[in-house]
Amino acid sequence: MTEVDDWRAALAEAGELRPAIVTAILSAHGDRGGRAIDAVAEQRVKQYRDFTVVVGYESEYVIEDGGCTCKDSQYNLDADEQCWHALAVEIAERIDAVDHHDMWYSDVHDFM
């Protein structure tokens, strides 16, 4: 198992962000892991009928199948790396911290 697999398994089993798991996420992902944890703590992971969205600092980013619409994901990361938005979704799903909205994101986004 990799370092990433270890924290994923530990988080799924614990169902909460414990100090050792936070340390493992930060060790594996550095600043991206820290930003992801902050986003989860601030309830910025939103699940709509059509997409999962993470509210970032400047925009909202659609996460689909582990991929993200952010520039970091598109230009800076290797295939086995994830941006902090995608990490936030993984963390939030494992600790049941996704903010669910019974509406279409495409409808909400049109109003913004």
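Colleague: Is Ser106 buried, partly exposed or exposed?

Modeller: Ser106 counts as partly exposed, because its relative accessibility is 35%. Buried means under 20% relative accessible area, exposed over 50%, and partly exposed in between, with a 1.4 Å probe and protein chains only.

Colleague: Which element is Ser106 in?

Modeller: Ser106 sits in helix H6, residues 105-111. Helices (H or I, at least four residues) and strands (E, at least two) are DSSP runs, numbered from the N terminus.

Colleague: How far is Ser106 from Arg18?

Modeller: C-alpha to C-alpha, they are 35 Å apart in space. In sequence, 88 residues separate Ser106 and Arg18.

Colleague: Before I go on, what are the ground rules here?

Modeller: This is a predicted model: local features need pLDDT of at least 70, side-chain atom pairs count only at pLDDT 80 or more, and totals for chains, interfaces and linings use all residues. Residues are numbered from 1 along each chain as its sequence is written, and side-chain values use heavy atoms, with hydrogens and water left out.

Colleague: Fine. How many helices and strands?

Modeller: Six helices and five strands. The order from the N terminus is α-α-α-β-β-β-β-α-α-β-α.

Colleague: What about overall size? What does the C-alpha trace span?

Modeller: About 40 × 30 × 20 Å along the principal axes.

Colleague: How much of the protein is buried?

Modeller: Of its 112 residues, 37% count as buried. The accessible surface is about 6700 Å², and carbon and sulfur atoms hold 47% of that. Those areas come from the Shrake-Rupley method with a 1.4 Å probe; for residues, only the protein chains shown count as cover.

Colleague: New topic, helix packing. At what angle do H2 and H3 pack?

Modeller: About 135°, with the axes 6 Å apart. H2 covers residues 19-29 and H3 covers residues 31-41. That makes H2 oblique to H3. Angles under 35 degrees count as roughly parallel, over 145 as roughly antiparallel, 65 to 115 as roughly perpendicular, and the rest as oblique.

Colleague: Which residues make that contact?

Modeller: From H2, they are Val22, Ile25, Leu26 and His29. From H3, they are Asp31, Arg32, Gly33, Gly34 and Ile37. Contact means heavy atoms within 4.5 Å. By class, there are four nonpolar, three polar and two charged residues. Ala, Val, Leu, Ile, Met, Phe, Trp, Tyr, Cys and Pro count as nonpolar, Asp, Glu, Lys and Arg as charged, and the others, Gly among them, as polar.

Colleague: And how do H1 and H5 cross?

Modeller: At roughly 30°, with the axes coming within 8 Å. That makes H1 roughly parallel to H5. Trp7, Arg8, Leu11 and Ala12 of H1 meet Leu87, Glu90, Ile91 and Arg94 of H5.

Colleague: Last one, backbone. What is phi at Asp65?

Modeller: About 55°, a positive value although Asp65 is not a glycine. Asp65 lies in the loop between strand E3 (60-64) and strand E4 (67-68). Asp65 counts as exposed, because its relative accessibility is 83%.

Colleague: What about phi of Asp96?

Modeller: Near 55°, and again positive in a residue other than glycine. Asp96 is in the loop between helix H5 (84-94) and strand E5 (99-100). With a relative accessible area of 67%, Asp96 is exposed.

Definitions and conventions. Axes fitted to C-alpha atoms, helices over the stretch in contact; angles between N-to-C directions.
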